[in-house]
Amino acid sequence: MPWFRKSAVEPLAVTMAGVKLGDRLLVLGGGDAALAAALAAKSGLTGRACVLDAAESVARSVAAAVERQGALVESFSGAWGILPFEPHSFDVVVIRSVLERLDADSRVRALREAHRVLRPGGRTVVIEDTGRGGAAALFGGPRRDAGYERSGGPGHALEAAGFRGVRTLAQREGQLFVEGIKAADPSPA
């Protein structure tokens, strides 16, 4: 039945991130190389695409996967709470399955750093997997911080780090998409 087929045009996560040609993009978390490649392709040759993961081997493998897809990306490794970028360096920051694995203090530091490197008016999009119950919750993947969901999840965490206009964009296809905006700097009077 044709109406049940997924669109081959663009994955939902790419659409939700809203990256445009010429955007300066930072992807935090290297666990989804296909997403990083698709987003880097969106920013194109006139933009800048960077991926950062805490593990150097993950950052390198994502960069190689992105380049195999024909896009350009700069890879970095380092602590989530100390990003190696100047303030206002990026138009869009995509955080893929990172916050849920951090303790509360590390999560706040990571989001404050994302806020710092984002230009005024820029967006941060948090993408997390949902619906992990039963055996998958017991045996599948890294453990989540138990207090994270109870404290309001990514929306609350973004607001606590200074983001404005925080909203859930969607929860579909086993993923949650939440965005926050860095308020524009007040203009001098």
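Modeller: What follows sets each assignment against its definition.

Modeller: This is a predicted model, in which local features need pLDDT of at least 70 and side-chain atom pairs count only at pLDDT 80 or more, whereas totals for chains, interfaces and linings use all residues. Residues are numbered from 1 along each chain as its sequence is written, and side-chain values use heavy atoms, with hydrogens and water left out.

Colleague: How many helices and strands are there in the protein chain, and what qualifies as a helix or a strand?

Modeller: The protein chain has seven helices and seven strands. Helices are DSSP runs of H or I with at least four residues, strands are runs of E with at least two, and both are numbered from the N terminus. Along the sequence the pattern reads α-β-α-β-α-β-β-α-β-α-α-α-β-β.

Colleague: What makes S4 and S5 paired strands?

Modeller: Two strands pair if DSSP finds at least two bridges between them. Strand S4 (residues 90-96) and strand S5 (residues 118-129) are joined by six bridges, so they count as paired, and they run parallel. Val94, for instance, has Val125 in S5 as its bridge partner.

Colleague: Why is the unit of S4, helix H4 and S5 called right-handed?

Modeller: The term applies if, with the strands pointing away from the viewer, the path from the first strand over the helix to the second runs clockwise. S4, helix H4 (residues 104-117) and S5 make a β-α-β unit of this hand, so the path over H4 is clockwise in that view.

Colleague: Why is Phe85 called buried, and what is Phe76 called?

Modeller: Buried means under 20% relative accessible area, exposed means over 50%, and partly exposed lies in between (1.4 Å probe, protein chains only). Phe85 is at 7%, so it counts as buried. Phe76 has 22%, therefore it is partly exposed. Across the protein chain, buried residues make up 42% of the 189 residues. In helix H7 (residues 153-160), Gly153, Pro154, Gly155, Ala157 and Leu158 are buried.

Colleague: What makes Phe76 and Phe85 an edge-to-face pair?

Modeller: Rings of Phe, Tyr and Trp (its six-membered ring) pair if their centres lie within 6.5 Å; planes under 30 degrees apart count as stacked, over 60 as edge-to-face, and the rest as tilted. The rings of Phe76 and Phe85 are 4.8 Å apart centre to centre with 80° between the planes, so the pair is edge-to-face. Phe85 and Phe90, at 5.0 Å and 90°, are therefore edge-to-face as well.

Colleague: What is remarked about the phi of His88 and of Glu173?

Modeller: Most residues other than glycine have a negative phi. His88 is not a glycine, yet its phi is positive at about 65°; it sits in the loop between S3 and S4. Glu173, in the loop between S6 and S7, has a positive phi near 50°. With 34% relative accessible area His88 is partly exposed, and Glu173 at 49% also counts as partly exposed.

Colleague: Where is Thr130 found, and how far apart in space are Thr130 and Arg172?

Modeller: Thr130 is found in the loop between S5 and helix H5 (134-139). Thr130 and Arg172 are 42 residues apart in sequence and 8.8 Å apart in space, C-alpha to C-alpha. At 22% relative accessibility, Thr130 counts as partly exposed.
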